Amino acid sequence: MRETAELFRTEGTIIKCIPFGSGHINQTWLVITNQPHLYILQKVNTDTFRDPEGLMNNMLMVTEHLRQKDPDPRHVLTLVKLKDGRDFILDGRKELWRMYEYVTGGVCLDRAEKTADFRNSGTAFGLFQNRMADFPAEKLTETIPGFHDTPRRYHALHDAIREDRAGRVQNAEPEICFLLEREAGAGLLTQMQKRKELPLRVTHNDTKLNNVMLDEKTREPLCILDLDTVMPGLAANDFGDSIRFGASTAAEDEKDLRKVHLDLNLYKAYAEGFLGACGDKLTKQEKETLPDGARIITLENAVRFLTDYLNGDTYYHIERPDHNLDRTRTQMALVREMEKNDSLIRKMMSAV
């Protein structure tokens with residue numbers, strides 16, 4: 001580990017590398033030197049990201065574009081070059097290594113401690129949309145092809161039901177019925193994009209609160225983290241994933257569904273931050289589809305969790321036998337509340 005870290009242009013002598021963060025996909029270490037200068041070293045999971053060179057090219061183009069809009073080093077992730085001038089290590093075994101400057105004075109939250117925390121995360125992702133609006137999204141590689149192609153996710157669910165590899169279809173009949181009843185409307189955003197009614201944007205595609213670094217004192221947004229899934233997409237998907245995760249009153253795998261609700265105050269706060277920071281960069285139709293994005297992305301995640309459950313838990317990490325089924329049910333509960341409050345949400349959004 002230390003030998004790899006020493007290939008990069010760090011200030012001072014490296015003392016040690018210690019495991020860092022709570023991510024499940026990439027392996028991450030904090031690199032400590034004998035200078036007051038910290039770094040983040042990552043080994044990227046190339047089983048998940050099968051075009052590592054495309055991924056890194058995306059990251060380099062996006063961070064450079066963001067840096068032109070805001071040169072503050074705390075506001076954009078900064079990659080550290082290797083001593084030989086390369087931007088990353090990609091060896092013959094397809095192992096991808098990279099290093100970042102550590103962003104000092106920041107904090108990442110798994111749950112909002114105050115409503116303002118969630119509003120500020122909305123501001124961060126809104127600024128991302130604002131600053132990337134003039135970047136041609138088609139220049140980016142799809143790091144995970146079809147990631148938010150909801151009809152494609154439904155096709156995978158149908159395959160899982162038909163094959164019933166783990167013999168679990170009988171256990172999940174209510175969940176299957178719920179999701180299939182909503183299949184007809186699940187492709188709304190995909191169809192609109194194909195008809196050119198929604199513009200292709202540079203999207204983050206993992207807009208959880210903990211992917212925003214906030215200033216530890218002021219809680220103002222500093223920078224967006226985890227750019228591995230940055231690729232062409234729809235603004236509604238980024239907005240929707242934030243709402244799905246951050247405006248829920250319970251954890252994503254909560255077993256007691258009585259605790260799972262959609263917090264409309266948090267929903268409104270995020271929308272205020274996001275739309276305020278986007279400014280005039282989104283079209284009228286994009287703004288109108290933001291509530292659809294929240295509902296569809298939540299439905300899509302339910303489909304993905306249930307598909308994995310039916311396939312025998314081959315993708316998501318689980319800690320108990322029905323973990324993916326519990327995740328499916330929490331997403332379903334949120335979809336129900338989004339449907340029930342649809343007119344209220346749209347009225348709320350129009351006033352933001």
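Guide: A search of the whole structure finds four cavities of 30 Å³ or more. Keep in mind that this is a predicted model.

Visitor: How much space lies in the largest cavity?

Guide: The largest cavity holds about 60 Å³.

Visitor: Which residues line it?

Guide: The lining of the largest cavity is made up of R111, R244, F245, S248, A250, A251, E252, V260, T330, Q331 and L334. Two or more lining residues come from each of α8 (235-246) and α12 (323-340).

Visitor: Which element gives the most?

Guide: That is α12, with three residues.

Visitor: How do the lining residues divide into nonpolar, polar and charged?

Guide: Five are nonpolar, three are polar and three are charged.

Visitor: Which residues of α2 are buried?

Guide: The buried residues of α2 are P52, G54, L55, M56, N58, M59, V62, T63, H65 and L66.

Visitor: And what do those pack against?

Guide: The buried residues of α2 pack against the strands β3 (38-44), β4 (89-90), β5 (96-101) and β7 (201-203), and also against helix α3.

Visitor: On α3, then: where does G126 lie, and why does G126 count as buried?

Guide: G126 lies in helix α3, which covers residues 115-132. G126 counts as buried because its relative accessibility is 0%, and the cut-off for buried is under 20%.

Visitor: What does G126 touch, leaving out residues up to four places away in sequence?

Guide: G126 touches F274, A277 and C278. The C-alpha atoms of G126 and F274 are separated by 4.2 Å, although the two residues are 148 residues apart along the chain.

Visitor: What is phi of D164?

Guide: Phi of D164 is near 45°, a positive value in a residue that is not glycine. D164 sits in the loop between α4 (150-163) and α5 (173-181). With a relative accessible area of 26%, D164 is partly exposed.

Visitor: And what about phi of R219?

Guide: R219 is not a glycine either, and has a positive phi of about 65°. R219 is in the loop between β8 (212-215) and β9 (221-224).

Notes: Residues are numbered from 1 along each chain as its sequence is written. This is a predicted model: local features need pLDDT of at least 70, side-chain atom pairs count only at pLDDT 80 or more; totals for chains, interfaces and linings use all residues. Side-chain values use heavy atoms; hydrogens and water are left out. On a 1 Å grid over the protein atoms alone, a cavity is a set of points where a 1.4 Å probe fits but cannot get out, and a pocket is an open set with protein on both sides within 12 Å along at least five of seven lines; lining residues have an atom within 4 Å of a point. Grid points are joined across faces, edges and corners, and a volume is the space filled by probe spheres set on the points. Helices (H or I, at least four residues) and strands (E, at least two) are DSSP runs, numbered from the N terminus. Ala, Val, Leu, Ile, Met, Phe, Trp, Tyr, Cys and Pro count as nonpolar, Asp, Glu, Lys and Arg as charged, and the others, Gly among them, as polar. Buried means under 20% relative accessible area, exposed over 50%, partly exposed in between (1.4 Å probe, protein chains only). Contact means heavy atoms within 4.5 Å.
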